[in-house]
Amino acid sequence: MPTRTQLNSQLTSILTAVVDIPQHLQANQAMLDYVDQEIAAANGDVEFDRIIGYSGTTAQYLRGDGQWVAFPTSNSGFTNNAGYLTGVTSSQVTTALGYTPVNPHITIDVLTGTTYTIAAADNNKLLRFNSTSGVTATIPSGTTIAIGFSLSFSQTGTGQVTFSPASGVTLNSADAAYKTRVQYSVGTLIKVAADTWLLAGDLSA
């Protein structure tokens with residue numbers, strides 16, 4: 001079985017070939033299939049013949065949005081080192097994917113004040129309102145917060161949390177319940193349309 005160094009050498013040969021995409025893939029299909037199998041066995045299912053091609057003499061990759069684009073010329077990190085890419089910055093990842101990846105883990109913020117205004121940065125967060133007095137959480141109007149924004153919240157302290165829509169904002173909640181019911185009540189707030197929000201959870205009117 002070829003060593004990783006030999007596989008890297010084969011892959012380098014592919015990237016330096018001066019052919020168009022169809023000819024490149026056809027001429028090297030057998031080798032590419034073998035490389036696919038080896039990479040899949042070591043690091044997961046990565047099909048190089050699906051993501052690497054040529055436009056003239058320029059090596060390109062298939063970006064997440066379906067566009068063929070050139071490798072970043074300023075990046076010295078698109079080299080294989082012990083089975084993974086090194087030296088790749090967050091901006092280069094965004095370029096490669098065609099979008100900014102989102103951390104799959106939620107961020108937890110503990111808030112101790114009695115007033116708070118929901119912000120775009122709260123997307124995908126858990127807001128823990130920890131106050132012994134009542135808390136007012138204002139939902140702002142406008143387009144600063146995108147449709148599809150969502151957050152989770154909890155009443156960590158003894159003070160109930162009341163969600164108050166700003167002027168022009170519609171806040172929908174079953175039975176017109178806009179505040180947490182008791183300590184440790186939890187819920188979700190979602191922006192479902194322009195200046196229209198949905199509030200759900202363990203709430204009271």
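Two strands count as paired if DSSP finds at least two bridges between them, and strands (E, at least two residues) and helices (H or I, at least four) are DSSP runs numbered from the N terminus.

**View 1. Strand β10 meets strand β14.** Welcome to the first close-up. Strand β10, residues 150–155, is joined to β14 by 5 bridges, and the two run antiparallel. To find your way along this pair, look for Ser 152, whose bridge partner in β14 is Thr 188. This is a predicted model, in which local features need pLDDT of at least 70 and side-chain atom pairs count only at pLDDT 80 or more, while totals for chains, interfaces and linings use all residues. Residues are numbered from 1 along each chain as its sequence is written, and side-chain values use heavy atoms, with hydrogens and water left out.

**View 2. The hairpin of β14 and β15.** Strand β14 (residues 186–193) also runs antiparallel to β15 (residues 196–201), and 6 bridges join them. Two pairs are handy landmarks here: Lys 191 stands opposite Trp 197 in β15, and Ala 193 stands opposite Thr 196. The hairpin has 2 residues between its strands, and Asp 195 takes a positive phi near 55°.

**View 3. The open sheet of 6 strands.** Stepping back, you can follow the order β6-β8-β10-β14-β15-β12, with mixed pairing. The edge strands, each pairing on one side only, are β6 (107–111) and β12 (170–173). Neighbouring strands of this sheet are turned by 25° against each other on average, direction ignored (axes are lines fitted to C-alpha atoms, for helices over the stretch in contact, and angles run from 0 to 180 degrees between N-to-C directions).
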